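Please keep the sequence and the model at hand while reading.

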Amino acid sequence: MEQIKKAIETFVKAGDDRNTEMLEDILHADFQNIQDGFFDKEGIFIFSKNDYIELIRERKFGGSPRSISFQSIKQTGNITIVKVTLESQYLIFNSLIMCVKSNGHWKIINNTPFIIPKKEN
């Protein structure tokens, strides 16, 4: 379980720091980010690994430190589904993250965030 948590923490930190090299390494080649809404646009948006990294590179995603709270980790063989809550200064992400073990290393293959803007005080 610690290796899985480390993979999630690496994924989150890479986004927070906009570290595209770290993302290249931790994301599986078939990675997808699936989310309901994209800023002011409605609908389901699916981003490939390359799309996701480009959004980070363009500074449209990432750049704000987030805390991580692990809600559940369910592993079956080489596949693990993790529920986490990530919280930044501006947003709360209730996310389902799927990891797969590939060549002895845990990689992120899917991220499905449910994004809630924080209310301004």
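Strands here are DSSP runs of E with at least two residues, while helices are runs of H or I with at least four residues, and both are numbered from the N terminus. Two strands count as paired if DSSP finds at least two bridges between them. The model is predicted, so local features need pLDDT of at least 70 and side-chain atom pairs count only at pLDDT 80 or more, whereas totals for chains, interfaces and linings use all residues. Residues are numbered from 1 along each chain as its sequence is written, and side-chain values use heavy atoms, with hydrogens and water left out.

**Strands 4 and 5**

- Strand 4 covers residues 79–87 and strand 5 covers residues 91–102; they pair in the antiparallel sense over 9 bridges.
- A hairpin of 3 residues links strand 4 to strand 5.
- Opposite Lys-83 stands Leu-96, which lies in strand 5.

**Strands 5 and 6**

- Strand 6, residues 105–117, pairs with strand 5 in the antiparallel sense over 12 bridges.
- These two strands form a hairpin with 2 residues between them, and Asn-103 in the turn has a positive phi of about 55°.
- Ser-102 stands opposite His-105 of strand 6.
- Leu-91 has Pro-117 in strand 6 as its bridge partner.

**Strands 1 and 6**

- Strand 1, residues 27–38, and strand 6 pair in the parallel sense over 3 bridges.
- Asn-33 has Asn-111 in strand 6 as its bridge partner.
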